[in-house]
Amino acid sequence: MTNSVPEIRDCDLMFVIGSNTTEAHPVIAMEMKRALHRGARLFVADPRAIWLTQMAEQHLQHRPGTDVWLINALAHVIVAEGLYDKAYVEQYTENFEEFSALVADYSPERSEAITGVPAEQIRQLARAYATTKKAAIFYTLGITEHTHGTDNVFALANLVAITGHLGVRSAGLNPLRGQNNVQGAGDVGAHPDNLPGVQKVADAGARARFEAEWGAAIPTERGLNLNEIMHGIEDGSIRGLFVMGEDIVVSEPNAARLERGLNELEFVVVQEIFPSETARFAHVVLPAACFAEKDGTFTNTDRRVQRVRRAVPPPGQARPDWEILADLARACGYPMPAYATPADIWAEMARQSPKLAGISHERLDRDGGLLWPCPSPEHGGTPTLHVGAPMRGKVLLHAVAYRPPVEPTSAEYPLVLSTGRVLYHYNAGNQTRRDRGPNMKFSSNFVEMSRRDAKDLGVADGELVRVVSRRGQVEVPVLVSPRVRHGLVWMPMHNFATATRTNLLTIDKGDPITGTAEYKVCAVRVERLGA
Amino acid sequence: MADTLTIHIDGQALTAQPGESVLQVAKRNHIAIPTLCHDERLDAAGCCRACLVEIDGQRRLQPSCNWPVSQDLRVSTRSPRIERHRATLLGLYVADHRLDQDGLPVHTTQGNELRTWAETTDFKRLLAIDSPRHPRGVDANPYVAYDPDLCILCARCTRYCDEIEAVSAIQLAWRGAETSIATAGGRGLLDTTCELCGGCVDVCPTGAMHAKQAPRFEKPGAVQKVRSTCNFCGVGCQLDLNVQDGKIIQVTAPPPGETVNDGNLCVKGRFAYGFVHHEDRLRQPQIRGADGELHDATWDEALHYAAKGLLGVRDRHGPNALGFVSSSRCTNEENYLVQKLARAVFQTNNVHQCAAT
Ligand code: SF4
Ligand code: SF4
Ligand code: FES
């Protein structure tokens, strides 16, 4: 997020796109509700009529995968009506000519034909957004889980930049990051292109610093991202795998193909807290401590580094992941330093990472969370990015043209399947499935379907159906719901049972830059059982 | 920014911002005023009458939580009249509450603000009142329960449910001495719009709204609180793990105003901690044997087997035949070590986390 969570309550306008905030980020949704209570305006773009759309002034119900058409049309209106911040564009952006020439083709009327969103709605949002100072954009996986996810983000960034909503309190561009430490894991280098401290592998200086710190050479060519590693498993170029705390055969798309690949691997190490689905493929299982049983830090969605503290002992012989990892490196013959606590590990990383250098466990224990960039021990952290001027001097406006999703519907597979999350469960479900409340709310997978599609198919609410894609099929009950439109079905990605995993259906094509797969659009058909 | 104002509390000149309440200014300046129905996150209700003060020009005592500041406003928070009011009001509250053997409101695990007030303030002993407040019928929800005997009708829970969680699942119902907190039609929370956020438990000053699974009447200090960060979504809510005998017995939110979540949590962060002590947890390293099954092993065996297996793949096929999947669920320090393992030990950049966003 360019801005921090506590700024949300002071927003005057919120544009939420591709984020089911009340279910996926409930406490951020509470901040949005507080802004609404104060009189803020809310616009929500989502293919489903999620709860947030009922609180919104306008629901822009676009067809799945047509985000670029919708966002470029908003930019079209802002440029055509002269509502953009000319001074900001002049001083702080580049490539406005190419960008404005491109969006000139994305008129609201043409957008309406493709997105299904009335042109008038697009105009109203564009005008309201451009003319409100404290106007913030929020998005989640509805934007990124596409083969054009990066394009979607660029298109949104254009909107923010041309209206000068950057570096302003309660405004900005705010990806709500899904998991507790998805931000931090990338920040500290669990990324094929990035070294710790948000520094590039290609950056020779950063590489040299860590080579000196580690006493080892770092390969210079970029590594494979998760999507590519999965493809490598499937095509046999990856032969061995180490997996920590991730149930890949639940969370990764096209799970059946992945499982076939995993079966062929020569060696798989799984480090986990539960006997996950992925542990079925392990040659070694290493039992780990959960968050309540170890020390460390997580970095949340607003770049806030916060402490995790040991409250109870781990069960049996389970050990904190950091201890296991250090010992595994030693067993491989590498001289891992003798870390007394995770504070030492953080210190090793931070001293080679200018953006994180000012943060230490000691400081976090004293002051609570700190938002990076935080370059020195005296620095108070950075709640709002790009204040005064964009960090890189100028924002490059990307002229992004619409590309359709990779798997269009067909006569054989006439419905679009989108996947997501429910409030009561968390990701693979290994944790929440083991608590009573979430199970009382949702204990099995289901497929959400419009009344019209259910009627055409001749199925009743609660009836078991078969959902079939080119990659697999699952049998789940139907939830007839006004939340989805005719032509769209929706399923949660949580694992309720091995045989009904939604990701048996999804497509494993990824965004060319991030590798994030197109979980939000694939083609399926739904069949009546016994028919 | 509008101009600041000056008000006078107990003769002290204090600066205030337009729109603030007398209570906010007093609190900032460490002037103690008792409150029960007040919560910074909620609109002022002015209903408990604990915070009444004298305001120049006003005939009656007025609620400081709901009195907006104005230039040169003069307020006293201490006077014989206010003492009398507090002694009677507190006496009334105590007379209609569950008491311990010392005649004070009972201790509750989440803290009983009425008891704290009664411990530090002289109050009138009145005859016990037993209000026929409506209890909650059968409610299968596993997390939230209501005990009418501890309820002081401050409506913090219903206002939280309405203003912050915005589902309005609970409300004040019935009248007079029968007034109670209820759902429409007396339904269980699972059959209402309730999202089981537990905010009603959190804001309850006495423990009338309480967590079903947790012990209810522990004294302060009996439960250890460990501040940590929620391990579910990316909001990064701060939470206090309440520990007794090596087990988490409850998760509570730190007070509002201190952390990113401002005292709020969702159903997962507050209640779905059962997995921590679940019997399915892995407790022992395991190695797959020739029979295709996983067998218990020692740490030493498992670590060396893992090292040998990974090094073997590297030696046979080169470092880039290995993939390292790190975890956005684990700590920064652990993710740092996974990439160090990949890069420094195995010489590959094939390391990534489940990075969907
Ligand atoms: S748990 Fe949350 S949603 Fe349910 S009644 Fe309490 S405050 Fe309302
Ligand atoms: S309490 Fe809920 S909203 Fe807060 S971090 Fe945990 S999962 Fe997210
Ligand atoms: S706190 Fe002011 S009336 Fe309750």
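Which residues in α17(A) meet which residues in α8(B)? The first legend answers this, and the others show further sites. The model is predicted: local features need pLDDT of at least 70 and side-chain atom pairs count only at pLDDT 80 or more, while totals for chains, interfaces and linings use all residues. Residues are numbered from 1 along each chain as its sequence is written, chains are lettered from A and ligands numbered from 1 in the order in which they are written, and side-chain values use heavy atoms, with hydrogens and water left out.

**View 1. Helix α17(A) against helix α8(B).** On one side, A:Pro342, A:Ile345, A:Trp346, A:Glu348 and A:Met349 of α17(A) meet B:Asn332, B:Glu333, B:Tyr336, B:Leu337 and B:Lys340 of α8(B) (contact means heavy atoms within 4.5 Å). The residues of this contact divide into six nonpolar, one polar and three charged; Ala, Val, Leu, Ile, Met, Phe, Trp, Tyr, Cys and Pro count as nonpolar, Asp, Glu, Lys and Arg as charged, and the others, Gly among them, as polar. Axes are lines fitted to C-alpha atoms, for helices over the stretch in contact, and angles run from 0 to 180 degrees between N-to-C directions. Helices (H or I, at least four residues) and strands (E, at least two) are DSSP runs, numbered from the N terminus. The crossing is left-handed, that is, the near helix is turned anticlockwise from the far one by less than a right angle, clockwise being right-handed.

**View 2. Helices α4(A) and α10(A).** Helix α4 (residues 67-80) and helix α10 (residues 149-162), both of chain A, pack at about 15° with axes 9 Å apart. They are therefore roughly parallel to each other, and their crossing is left-handed. Residues of α4(A) in the contact include A:Ile71, A:Leu74 and A:Ile78, and those of α10(A) include A:Ala155, A:Leu156 and A:Leu159. By class, the contact has ten nonpolar, two polar and two charged residues.

**View 3. The surroundings of ligand 2.** Among the residues around ligand 2 are A:Pro26 and A:Val27, together with B:Cys230, B:Cys233, B:Cys237 and B:Cys266 (a residue is near a molecule or strand if one of its heavy atoms lies within 4 Å of it). Because residues from chains A and B surround ligand 2, the site is shared between chains. Helix α2 (26-37) of chain A and helix α6 (267-271) of chain B each supply at least two residues of the shell. The shell has nine nonpolar, two polar and one charged residues.

**View 4. Two backbone details, at A:Pro373 and B:Arg49.** Most residues other than glycine have a negative phi, and most peptide bonds are trans. A:Trp372 and A:Pro373 are joined by a cis peptide bond, with omega about 0°. A:Pro373 sits in the loop between β14 (370-371) and β15 (395-396) of chain A. B:Arg49, not a glycine, has a positive phi of about 70°, and B:Arg49 lies in the loop between α1 (22-28) and β3 (52-55) of chain B.

Notes:
Parallel < 35°, antiparallel > 145°, perpendicular 65-115°, else oblique.
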